[in-house]
Amino acid sequence: MALTQQEFAFVSGLVRREAAIVLETGKEYLVEARLLPLARRTGTPSVSEFVARAQRERALADQIVDALTTNETSWLRDREPFSAFTDSVLPDLAERRTPVQKLRIWSAACSSGQEPYGLAMLLEESLKSSRQYEILATDISAEMLERAKTGRYSQLEVNRGLPVPMLVKYFQRAGTEWQVSESLRRNITFQKVNLAAPLPPVQPFDVVFLRNVLIYFDLETKRSVLRRIRSLMRPDGWLFLGAAETTIGIDDGFERVVAGRASAYRPRAATTAPVGATRKG
Amino acid sequence: MTSPTTDDLQAITEQVWLSYLDPEGTNPFLPSEQAPTMPCVIAAVSVTGAWEGHVVMSFSTEASKKASSALLGMEDEEVTTDDIADAVGELVNVIGGNVKSLLPDGSLLSLPHVATIDEGVNKWPAAVEVCRLQGSWQNEPIAISVWTSKSTG
Amino acid sequence: MVIDDSRAMRLILRRIVTQLGFEVVEAGNGREALDLLESMDQPPQVALIDWNMPEMNGLEFVTAVRSQERFRQITLMMVTTESEHGQIVRALAAGAHEYVIKPFTPEAITEKLALLGLVPSGTMS
C-alpha cells in the first residue's frame with residue numbers, strides 16, 4: 001500500500017525538523033523501502049499504519065529519523081584525536097593514576113558504536129595488560145544503542161577506517177556480517193543519555209569523547225552541556241571535541257591544550273601544571 | 001553449514017547497490033514479485049570445489065544498460081555491449097564472491113560469464129534453486145539467484 | 001598501481017584515486033603488474049590488488065613483491081571479495097599492509113589510504 005500525501009508530509013517534516021534533511025516529493029518509494037523493516041519489526045501490518053503510530057508515539061518517530069538519516073560512520077579515520085589519545089593522554093594518565101586505578105572513558109554520543117569499540121581496541125593495544133579500563137557509551141537514540149550493543153557490523157561498515165590488523169584481531173565473521181569480540185564488549189556499558197538534560201550520577205571520567213555533537217545545539221545548550229560534562233570529569237581529565245568544535249567562548253572552565261597534532265580540552269585548574277601537554281590559546 | 005538465504009542475498013545486494021549503483025541511497029533495489037522476462041541479460045559465476053553451484057543475475061535489457069552506465073560513470077546511450085559485459089560481469093563477480101564467503105572453505109569462484117538471451121531456453125541443468133531475490137531498480141526488473149547441483153546440495 | 005582483471009573495477013578504482021591526486025598505472029593480473037614494476041624508473045607508492053586473477057593472483061603478487069628489497073617502499077593493499085577471516089590473515093602474513101573487501105564505497109578506499117598516511121586525513125569526505 002502506497003503512502004498518502006499526508007503521511008509523506010509528516011515523515012518529510014519530521015526529518016527536516018530533526019535532522020535538517022530535505023525529502024522531496026517523489027521520494028515516497030525511498031521512505032517506504034526504509035520504513036518497511038521497521039514496520040515489520042514492530043509488528044505493524046503496513047508502512048502507512050507505522051507512520052500513523054509514529055504520529056502518536058515519540059519512540060517510533062525517532063526510529064523513522066534514524067532509518068532515514070543513518071550513514072555508515074568511520075572507525076578510526078580521524079587519526080589526530082586517536083593518536084593524541086594513545087600517544088599523549090594514556091601515558092599522562094598512566095603516570096598520574098596508581099597501577100590499580102581503573103581508567104574511565106566516556107563515549108558521549110556513541111551512535112552505532114564504532115567510537116567506543118574503536119577506543120576499546122586502542123586501549124587493548126596501548127595499555128599494560130594489568131591496567132583495567134571501562135567505557136561508558138551513551139547516545140540519545142535507543143535504536144542506535146540497541147544496534148551498538150549487538151556489536152554486529154556489515155561488510156561496508158568494517159571497510160570504513162578500521163585498520164585490518166584490528167579487524168582480524170577483534171572481529172569474527174557472522175554470516176554476511178562481522179561480530180565484535182567479547183574481549184572488547186565486556187569493558188563497555190551502553191546507556192541512554194540525553195546530554196541536553198540533567199545527567200545521571202556516575203563516577204568521574206578520565207577522558208570524554210564528545211565529537212560532532214555540540215554543532216547540533218544552540219549556544220545556551222552548548223554551554224550547559226559542557227558545564228555538566230565538566231562536572232563529571234576528573235580535575236585532570238581530558239575532553240575531545242570534533243575538529244569543528246571548541247569550548248572557547250562557550251565555557252571558560254575548560255582550557256584548550258595541544259595533544260600530539262590534535263586539540264584537547266582540560267578543566268582549567270589542571271593546566272596549571274601540565275604533564276605531557278603544552279598550553280595553546 | 002547452512003545454505004545462503006534470500007535475506008543474505010538482500011544484505012549483499014543492498015551493499016553492492018550502495019557501493020556502486022546507488023551511492024546516495026536514494027534509488028535502492030526494491031524487492032517485488034516482478035522478474036525479468038525475455039529478452040534479458042544473464043550474468044553468472046560458478047562455484048566449484050567444496051560447494052558446487054551457480055550465482056546468477058538476470059536483467060531486463062534496459063536494467064543491464066542502466067546498471068552498466070551507473071557502474072562505469074557513463075551516459076546510458078554511450079554504453080556498448082562490451083561495457084555491459086564488463087559491468088554486469090563485475091557485479092555478479094562481487095555478489096558471487098560475497099555468497100562464496102557464506103559457503104564452506106575450499107569453494108572456488110569461476111570467471112564471470114555474460115550472455116544476452118532473446119528467446120528460447122535458459123536453464124541450469126542438474127541444479128536446483130537455493131534462494132532468489134527479485135525486484136526492480138529504476139522500474140526495471142532484476143533477479144539474483146543461487147543454485148546448487150543436486151548431488152552436493 | 002591498480003591490479004584487477006576486471007576493466008570495470010580498474011575504472012572504478014582509477015576514478016577514486018585520481019580524485020585523490022594520484023597518477024595511475026593499470027595491470028590486468030599479477031604477472032603484468034610485476035613486468036610493469038620492472039619497467040618503471042620509480043616504483044609506485046601504493047598498489048591496489050585484486051586476489052582472484054588469471055596467470056598470477058594477488059596473493060602470489062604480494063609474495064613476489066615482498067621478496068624484493070627494492071620494492072620495500074610500495075604499500076600493498078588488497079581489494080577483493082575474499083572476505084573469510086582466514087583469507088585476510090593469509091594476505092597479511094604474505095605481506096599485505098591493508099585490506100578492503102568488495103563491495104566498497106569510495107570513502108572506504110580514501111580512509112584506508114589515510115590510515116596508511118598516503119593521503120592527509122583532512123581530505124576526507
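Reader: How many residues of domain 1 of chain A are in contact with domain 2 of chain A?
Author: This is a predicted model, in which local features need pLDDT of at least 70 and side-chain atom pairs count only at pLDDT 80 or more, while totals for chains, interfaces and linings use all residues. Residues are numbered from 1 along each chain as its sequence is written, and chains are lettered from A and ligands numbered from 1 in the order in which they are written. Two residues are in contact if their C-beta atoms, placed from the backbone, lie within 7 Å. On the side of domain 2 of chain A there are four residues in contact, and on the side of domain 1 of chain A there are four.

Reader: Where are the bounds of the two domains of chain A?
Author: The bounds come from an automatic or database domain assignment. The C-alpha centres of the two domains lie 31 Å apart. Chain A is divided into domain 1 (5-69) and domain 2 (79-279).

Reader: Which element gives the most to the side of chain A that touches chain C?
Author: The contact takes 17 residues from chain A and 19 residues from chain C. Helices (H or I, at least four residues) and strands (E, at least two) are DSSP runs, numbered from the N terminus. Elements of chain A that each supply at least two residues to this side are α5 (79-96), α8 (155-158), α9 (164-170) and β4 (171-174). With four residues, the element that gives the most is α9(A).

Reader: Which element of chain A has the largest share of the side that touches chain B?
Author: Here the contact takes nine residues from chain A and 11 residues from chain B. In chain A, α2 (28-41) and α8 each supply at least two residues of this side. The largest share, three residues, comes from α2(A).

Reader: Why is one side of each edge strand in the sheet of chain A left without a neighbour?
Author: Two strands pair if DSSP finds at least two bridges between them. Three strands of chain A form an open sheet with antiparallel pairing, in the order β3-β5-β4. The strands at the edges are left without a neighbour on one side because each has a single partner strand; they are β3 (152-154) and β4 of chain A.

Reader: Which residue stands opposite A:A174?
Author: β4(A) pairs with strand β5 (residues 177-180) of chain A in the antiparallel sense, over four bridges. In β5(A), the residue opposite A:A174 is A:E177.

Reader: In what order do the five strands of the sheet in chain C lie?
Author: The strands at the edges are β2 (26-27) and β5 (98-101) of chain C, each with a single partner strand. Strand β4 (residues 75-80) of chain C is joined to β5(C) by four bridges, and these two run parallel. The sheet is open and its pairing is parallel, with the order β2-β1-β3-β4-β5.

Reader: Where does C:P103 lie, given the cis peptide bond that joins it to C:K102?
Author: For the bond between C:K102 and C:P103, omega is about 5 degrees. C:P103 is in the loop between β5 and α5 (106-115) of chain C.

Reader: Is B:N139 buried or exposed?
Author: B:N139 is not a glycine, yet its phi is positive, about 65 degrees. B:N139 sits in the loop between β6 (127-137) and β7 (140-149) of chain B. A residue is buried if 20 or more other C-beta atoms lie within 10 Å of its own, exposed if 12 or fewer, and partly exposed in between, with C-beta atoms placed from the backbone. Because B:N139 has 12 other C-beta atoms within 10 Å, B:N139 is exposed.
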